Amino acid sequence: MNVHCHRISLVLGLLMAPCIGFAQQLDNTQIMTTLGQVKAAAPAVDVALLVEEANANVGKGVATLPNWNKLSELSQLIVEIDFENNSTAIEPKSYRTVGLIADALHHPDLFRYKFLIVGHSSATGTAKRNLELSQKRADAINEALSTTFAVSPDRLFSVGAGEEWPIDPGHPESADNRRVQLINLGLLK
């Protein structure tokens with residue numbers, strides 16, 4: 001059986017622009033430095049509202065919605081994660097990257113923060129199916145971090161955006177649009 005991998009980017013940096021070359025040289029210090037750059041006045045994000053808005057706006061886009069727009073103000077960075085084709089199974093070669101992320105989240109500088117995992121897809125399937133798959137992939141990263149790498153599940157939240165927030169809007173079917181973001185939501189309360 002021929003298994004195809006889809007490249008998924010985990011976006012964890014300050015800008016939404018892709019940085020694939022940088023992703024190949026990711027290390028723990030880069031993750032900690034980027035995720036640790038939290039603004040004192042970072043906007044509060046309601047994860048349940050993000051899920052509700054994504055489901056209500058299938059095929060209409062989410063980037064301009066007020067609650068989704070807040071995400072662009074929070075710390076982010078790009079790394080690469082591979083999933084099996086049309087699946088939530090993380091490719092074994094990508095567990096090293098997930099492990100680096102977990103190591104950074106366990107560091108004392110980041111240990112008091114909570115994080116949002118946002119799944120994205122390209123526009124190669126139906127908008128509804130892409131939303132479901134992106135949610136499941138965000139959940140898969142959440143589960144890997146919380147079970148395999150023992151990051152407290154109280155610090156992790158996940159939501160799918162499907163094809164509604166492309167990184168390359170001029171090419172909606174591009175693999176660059178398939179990614180997962182990890183965003184620092186601020187201090188635990």
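Reply: Tyr95, Val98, Ile101, Ala102 and Leu105 in H5 meet Ile141, Ala144 and Leu145 in H6. This is a predicted model. The residues of this contact are eight nonpolar, no polar and no charged.

Now the geometry of that pair. The axes of H5 and H6, the helix of residues 127–148, come within 10 Å. They cross at roughly 60°. The crossing of H5 past H6 is right-handed.

H5 itself covers residues 95–106. It has twelve residues. From first C-alpha to last, H5 reaches 16 Å, close to the 16 Å expected at 1.5 Å a residue.

On the H2 side, the contact residues are Asn28, Ile31, Met32 and Leu35. On the H5 side, they are Leu100, Ile101, Asp103, Ala104 and Leu105. Sorted by type, the residues of the contact of H2 with H5 give seven nonpolar, one polar and one charged.

Compare the two residue lists for H5. Ile101 and Leu105 meet H6, and Ile101 and Leu105 also meet H2. Tyr95, Val98 and Ala102 are listed in the contact with H6. Leu100, Asp103 and Ala104 are listed in the contact with H2.

The spacing has a simple background. An α-helix has 3.6 residues a turn, so residues three or four places apart point the same way.

Next, burial. The buried residues of H5 are Thr97, Val98, Gly99, Leu100, Ile101, Ala102, Ala104 and Leu105. Here buried means under 20% relative accessible area. Among these, Val98, Ile101, Ala102 and Leu105 are also in the contact with H6. Leu100, Ile101, Ala104 and Leu105 are buried and meet H2.

Finally, the chain around H5. There are six helices and five strands. Along the sequence, they follow the pattern β-α-α-α-α-β-α-β-α-β-β. Of the 189 residues in the chain, 50% are buried. Among contacts in the chain with a separation of 6 or more, 81% link residues 24 or more positions apart.

Notes
Residues are numbered from 1 along each chain as its sequence is written. This is a predicted model: local features need pLDDT of at least 70, side-chain atom pairs count only at pLDDT 80 or more; totals for chains, interfaces and linings use all residues. Side-chain values use heavy atoms; hydrogens and water are left out. Helices (H or I, at least four residues) and strands (E, at least two) are DSSP runs, numbered from the N terminus. The expected span of a helix is 1.5 Å times one less than its number of residues. Buried means under 20% relative accessible area, exposed over 50%, partly exposed in between (1.4 Å probe, protein chains only). Contact means heavy atoms within 4.5 Å. Ala, Val, Leu, Ile, Met, Phe, Trp, Tyr, Cys and Pro count as nonpolar, Asp, Glu, Lys and Arg as charged, and the others, Gly among them, as polar. Axes are lines fitted to C-alpha atoms, for helices over the stretch in contact, and angles run from 0 to 180 degrees between N-to-C directions. A crossing is left-handed if the near helix is turned anticlockwise from the far one by less than a right angle, and right-handed if clockwise.
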